[in-house]
Amino acid sequence: GYTRTNTPMLERFRSCDLPNLPRGVPYNVSDVEQVRSALMEVWCSHVLRVREFARHHPSHALVELDLYDVNASAHAMSELFPLRRNVTTSGKGSFF
């Protein structure tokens, strides 16, 4: 969650001019709701921009995972990036 230790990073965000996060926003880095609202807007707009980019550039693959569903994400990743087991002469296995 948000704590005062995040303030230096928020100050850096304020000095940037990012899409949907104009310079100087959030106005008050001590106002938790203002910070949460600004960062939520930035994050959601970023997701939409990435999806739009992938749609316009079909040679790029977009993989979206539901990080709250560990089993589904693990299954998707194992389908995309299968592990191969390498058994050494010592009988110990390693994954690569």
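Reader: Is Ser 73 buried or exposed?

Author: Buried means under 20% relative accessible area, exposed over 50%, and partly exposed in between, with a 1.4 Å probe and protein chains only. Ser 73 has a relative accessible area of 10%, so Ser 73 is buried. A caveat: this is a predicted model, where local features need pLDDT of at least 70 and side-chain atom pairs count only at pLDDT 80 or more, while totals for chains, interfaces and linings use all residues. Residues are numbered from 1 along each chain as its sequence is written, and side-chain values use heavy atoms, leaving out hydrogens and water.

Reader: Where does Ser 73 lie, and what does Ser 73 touch?

Author: Helices are DSSP runs (H or I, at least four residues), numbered from the N terminus. Ser 73 lies in helix α3, residues 70–80. Contact means heavy atoms within 4.5 Å. Leaving aside residues up to four places away in sequence, Ser 73 touches Leu 65, Asp 66 and Leu 67.

Reader: And Leu 65, where is that?

Author: Leu 65 sits in the loop between α2 and α3. Leu 65 counts as partly exposed because its relative accessibility is 33%.

Reader: How do I check the span of helix α2?

Author: Expected span is 1.5 Å times one less than the number of residues. Helix α2 (residues 32–56) has 25 residues, so it should span 36 Å; the end C-alpha atoms are 36 Å apart, which agrees.

Reader: Which residues of α2 are buried?

Author: Val 35, Ala 38, Val 42, Ser 45 and Ala 54 are. Ser 45 counts as buried because its relative accessibility is 10%. Ser 45 touches Pro 19 and Asn 20, not counting residues up to four places away in sequence.

Terms used: Helices (H or I, at least four residues) and strands (E, at least two) are DSSP runs, numbered from the N terminus.
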